[in-house]
Amino acid sequence: MSRREYPLRFQCKHPGCAESATYRYSTRRDLSESFELRHYGSGKGWLCLRHSEPDRVLSADNPTTHFEVVSDERPHGRYFGHNGLVTGPGFLAYASDLPAGTKLIITARIELPYSKVEESNSRNDNGSQP
Ligand SMILES: [Zn+2]
């Protein structure tokens with residue numbers, strides 16, 4: 001026997017955006033007391049990641065993102081922000097393996113296929129290397 005679900009769906013409130021999110025709850029009460037209903041319901045609206053965090057979205061106009069966090073020592077361990085381990089494609093960083101005060105610098109950069117010639121020309125113009 002399948003259990004009933006209580007879905008809550010929002011469409012991004014950014015004009016023209018078709019992104020949506022559906023949250024599902026086990027009970028009507030879970031839905032009515034949900035974070036999502038309190039924060040996005042009653043006309044407040046919801047924004048997709050593309051429109052809530054546009055600086056994180058890589059694009060031709062935003063080809064590089066940058067994030068930095070410094071580890072700190074706490075009574076129960078060493079952390080980068082709220083995390084003892086930070087991971088992403090190509091790396092792992094355990095805060096406990098490194099001294100407190102270590103700065104973790106994460107950069108993501110895209111190279112569009114049609115921009116390689118353009119980019120290489122601009123590097124030659126100013127003489128710098130990547
Ligand atoms: Zn959106």
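Phe 10 has Ala 21 as its bridge partner in strand 2; strands here are DSSP runs of E, at least two residues long, numbered from the N terminus. This is a predicted model, in which local features need pLDDT of at least 70, side-chain atom pairs count only at pLDDT 80 or more, and totals for chains, interfaces and linings use all residues. Residues are numbered from 1 along each chain as its sequence is written.

**Strands 1 and 2**
- Strand 1 and strand 2 run antiparallel and are joined by 6 bridges; two strands pair if DSSP finds at least two bridges between them.
- Strand 2 lies largely in the open, because 0 of its 6 residues are buried (buried: 20 or more other C-beta atoms within 10 Å of the residue's own; exposed: 12 or fewer; partly exposed: in between; C-beta atoms placed from the backbone).

**His 14**
- The loop between strand 1 (6-11) and strand 2 (20-25) contains His 14.
- With 16 other C-beta atoms within 10 Å, His 14 is partly exposed.
- Leu 47 and His 51 are touched by His 14, leaving aside residues up to four places away in sequence (contact: C-beta atoms, placed from the backbone, within 7 Å).
- Ser 52 is 38 residues from His 14 in sequence, and their C-alpha atoms are 9.2 Å apart.

**The sheet of strands 4, 3 and 7**
- An open sheet of 3 strands has the order 4-3-7 and antiparallel pairing.
- Strand 4 (77-80) and strand 7 (103-109) are at the edges with a single partner strand each, so one side of each has no neighbour in the sheet.
- Strand 3 (residues 64-74) pairs with strand 7 over 7 bridges in the antiparallel sense.
- Thr 65 has Ala 108 as its bridge partner in strand 7.

Key:
Helix = DSSP H or I, 4+ residues; strand = E, 2+ residues; numbered from the N terminus. Contact = placed C-beta atoms within 7 Å.
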